[in-house]
Amino acid sequence: MTNITKFLFLLTVLVVNNVQAIEQYLKPEQFLAEVYADNAPKQEVLWVTKEIAKQVEKILGHAPKQLRQRYWKSGTKSTWIFDEIGKAEPITAGFVVTDGKIAQVRVLTYRESRGGEVRYPAFLKQYQGAELQADQHLNRNIDGISGATLSVNAMNRMARLALLFDRMTSMQEIDNK
Amino acid sequence: MHFVRHWHARLGVLTAVFFLLLALSGLALNHTDALHLANYQVHTNWLMRWYGLKPSVPTRGYLFKDGYFAASGGRWVMDDDILLDQDLSESKQALVGAIAWGDMRAIASEDQLFLYLPDGTLVDKLSSIALPNTPIKRLGSINTDGKPLLVLETSQGSFITEDALTWRILKTEKTSATGAPAWGSEQILPATLSASLKHTFAPSLPLERIVLDLHSGRIFGRYGPLLMDIVALGLILLSLSGVWIYLRTVRRKDRH
């Protein structure tokens, strides 16, 4: 390979890498295996009724994207995977809720060109123990990241949604009993 | 002194338009999130032609009893509604097929299954974690005891579902008793749809991209950035000559 060909090849690789901004850090299957130690419970479905949709809209600022939300629940521990747009592209994140409190958060796929710092454990550990207040906001302040405000906001919205949905499923369980 | 003043004024007038362009586009880019520039799609015909973007109108698609689904250039359209508009940076959903399934419409890519109501409301999006196997090869439906079942053909066999929650393998004996699945297949779209297809598949770009290209000069073509470099050099010269003129004026005043 001549030097020019090598240079062009390198340039192509760099350009392709720049265009391909998607970063998948963890597959949903891997996240579930991590949460449930390879013993994930059966997938369940929460129907987003009109009543639930109203509350979701208050949190997300837009109507829910789909009518059925899948989740995994074992005892008081539920796991949720959401897609929410930060600036222009959706961030895929997984949330584990235990006893109505956030127990774990992971960014599974990040698609924006900047703001990917929300995936760092130092940022995500702020959510641990967070609960949903009556006004459907988190009961604690999450410190932002400069230049990643929209991604941080999207993470906050998803954390609130996970807590809301967990509460809904717990209420449905009580109603069914 | 006169020479510098003379050229400072000329350069100022020459670069004024570009300076305004840079300042205004820079202001807009600084507030891109608040102005939602990334969410606003520009469709203007002459601008799209300037960018070299041509409409890629599909001639084939999937026909339902009361509607259609068509895809082209990463854009998925159902009954004139854009369901998905995949950006260049996205890994494209490789479309497998679409089919009417009971009250819903199922659309499958190799890795995902989308369930929509006829009005375009997304009911569910199933990824590998909710699917029996991937990649999906074909999408079809089969009637068993009057119930429509959705069929996914994969390399590990075909799977059926009543509710897209639980899946079971489609046995060949069952197929012979109930008839073979009807697979979703592409058909030629009727000419009556051509006007609306032209409209929904018209090219577009996010406003943020256009403002960014204006700011960098890329909108002016291959030599646009070079033009902006020259403008930047002009602005540097203006700043230096401005300071020089100011210092000279102050010194003169001090002497008098």
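Colleague: What makes Asp79(B) count as partly exposed?

Modeller: This is a predicted model, and the label rests on a count of neighbours. Asp79(B) has 19 C-beta neighbours inside 10 Å. A residue is buried at 20 or more and exposed at 12 or fewer. The count of 19 lies in between, so Asp79(B) is partly exposed.

Colleague: Why is Asp99(A) called exposed?

Modeller: Asp99(A) has 11 C-beta neighbours inside 10 Å. The cut-off for exposed is 12 or fewer, so Asp99(A) counts as exposed.

Colleague: Where does Asp99(A) lie?

Modeller: The loop between strand S5 (90–98) and strand S6 (101–110) of chain A holds Asp99(A). These strands form a hairpin with two residues between them, and Asp99(A) takes a positive phi near 50° there.

Colleague: How do you know that S5(A) and S6(A) pair?

Modeller: Two strands count as paired if there are at least two bridges between them. S5(A) and S6(A) have seven bridges, in the antiparallel sense, so they meet the condition. Within this pairing, Ala93(A) has Val107(A) in S6(A) as its bridge partner.

Colleague: What makes strand S1 (residues 23–24) of chain A a partner of S6(A)?

Modeller: The test is again at least two bridges. S1(A) and S6(A) have two bridges and run antiparallel, so the pair passes. In this pair, Gln24(A) stands opposite Thr109(A) in S6(A).

Colleague: How many bridges join strand S11 (residues 147–154) of chain B to strand S12 (residues 157–161) of chain B?

Modeller: Five bridges join S11(B) to S12(B), and the two run antiparallel. Among the residues involved, Glu153(B) has Ser158(B) in S12(B) as its bridge partner.

Colleague: How do you know that the span of helix H6 (residues 224–255) of chain B agrees with its number of residues?

Modeller: H6(B) has 32 residues, which at 1.5 Å a residue should span 46 Å. Its end C-alpha atoms are 46 Å apart, so the two values agree.

Colleague: Why is H6(B) called hardly covered?

Modeller: A residue needs 20 or more other C-beta atoms within 10 Å to be buried. The count of buried residues in H6(B) is zero among 32, so the helix is hardly covered.

Colleague: At what angle do helix H1 (residues 2–30) and helix H5 (residues 207–216) of chain B pack?

Modeller: The angle is about 145°, and the axes of H1(B) and H5(B) are 9 Å apart. H1(B) passes H5(B) in a left-handed crossing. Residues that meet include Leu21(B) and Leu22(B) in H1(B), and Val211(B) and Leu212(B) in H5(B).

Colleague: What makes the peptide bond from Thr134(B) to Pro135(B) cis?

Modeller: Its omega is near 0°. Pro135(B) lies in the loop between strand S9 (122–126) and strand S10 (136–144) of chain B.

Note on methods: Residues are numbered from 1 along each chain as its sequence is written. Chains are lettered from A and ligands numbered from 1 in the order in which they are written. This is a predicted model: local features need pLDDT of at least 70, side-chain atom pairs count only at pLDDT 80 or more; totals for chains, interfaces and linings use all residues. Helices (H or I, at least four residues) and strands (E, at least two) are DSSP runs, numbered from the N terminus. The expected span of a helix is 1.5 Å times one less than its number of residues. Axes are lines fitted to C-alpha atoms, for helices over the stretch in contact, and angles run from 0 to 180 degrees between N-to-C directions. A crossing is left-handed if the near helix is turned anticlockwise from the far one by less than a right angle, and right-handed if clockwise. Two residues are in contact if their C-beta atoms, placed from the backbone, lie within 7 Å.
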